[in-house]
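The following explanation is intended to be read alongside the sequence and the three-dimensional view. Please keep both at hand while reading.

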Amino acid sequence: MISEFFRSDLNTGLKILVVSVVVGMACWVPLLLYVPLGPADGNPIGLGLLAMAGTLLAVLGTGIGVLWWVFSLLMQSRA
């Protein structure tokens, strides 16, 4: 399934965009699950750092994906 997604004819910018959003969500899920399910006196520093790093990676990837997608659309319209 994953290899089919990466080998599909979908625009590369959209692929980068989707992967960035999935990575960002995957980095936030542990922290979001720890809050209701973890101990009341817990301090999830590592999960907070993971969420922060995942958010930074997702924002950078989303920006690159959007720029790549817009650039490829502009190049297709000129051809």
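The paragraphs below treat the helices, some individual residues, a surface patch and an aromatic pair.

The model is predicted, so local features require pLDDT of at least 70 and side-chain atom pairs count only at pLDDT 80 or more, whereas totals for chains, interfaces and linings use all residues. Residues are numbered from 1 along each chain as its sequence is written, and side-chain values use heavy atoms, with hydrogens and water left out.

Helix α3 covers residues 45–78, a run of 34 residues. Helices here are DSSP runs (H or I, at least four residues), numbered from the N terminus. From first to last C-alpha, α3 reaches 50 Å, close to the 50 Å expected at 1.5 Å a residue; the expected span is 1.5 Å times one less than the number of residues. Within α3, the buried residues are Ala-51, Gly-54, Ala-58, Gly-61, Gly-65 and Ser-72. Buried denotes under 20% relative accessible area, exposed over 50%, and partly exposed in between (1.4 Å probe, protein chains only). An α-helix has 3.6 residues a turn, so residues three or four places apart point the same way.

Against which element do the buried residues of α3 pack? Their partner is α2, residues 12–37. Ser-20 belongs to helix α2 and is buried, with a relative accessible area of 9%. Neighbours up to four places away in sequence aside, Ser-20 touches Ala-58, Gly-61 and Thr-62, where contact means heavy atoms within 4.5 Å. Two of these, Ala-58 and Gly-61, are among the buried residues of α3.

Trp-69, also in helix α3, is partly exposed at 31% relative accessibility. Beyond its neighbours within four places in sequence, Trp-69 contacts Asn-11, Gly-13 and Leu-14. Trp-69 and Asn-11 are 58 residues apart along the chain, yet their C-alpha atoms are separated by 6.9 Å.

On the surface, Val-18, Val-21, Val-22 and Met-25 form a nonpolar patch with about 330 Å² of accessible area together. Such a patch joins nonpolar side chains (Val, Leu, Ile, Met, Phe, Trp, Tyr) within 5 Å, from residues with over 30% relative accessible area and no salt bridge. Val-18, located in helix α2, is partly exposed at 40%.

Finally, a search of the whole structure finds 1 aromatic pair. The ring centres of Phe-5 and Phe-6 lie 5.2 Å apart with their planes at 70°, so the pair is edge-to-face; pairing requires centres within 6.5 Å, and planes over 60 degrees apart count as edge-to-face, under 30 as stacked and the rest as tilted. Phe-5 is partly exposed at 25% relative accessible area, and Phe-6 is partly exposed at 44%.

Technical notes. Rings of Phe, Tyr and Trp (its six-membered ring) pair if their centres lie within 6.5 Å; planes under 30 degrees apart count as stacked, over 60 as edge-to-face and the rest as tilted. Helices (H or I, at least four residues) and strands (E, at least two) are DSSP runs, numbered from the N terminus. Patches are made of residues with over 30% relative accessible area and no salt bridge: like charges are joined within 9 Å, nonpolar side chains (Val, Leu, Ile, Met, Phe, Trp, Tyr) within 5 Å. Accessible areas come from the Shrake-Rupley method with a 1.4 Å probe; for residues, only the protein chains shown count as cover. A salt bridge is a side-chain nitrogen of Lys or Arg within 4 Å of a carboxyl oxygen of Asp or Glu.
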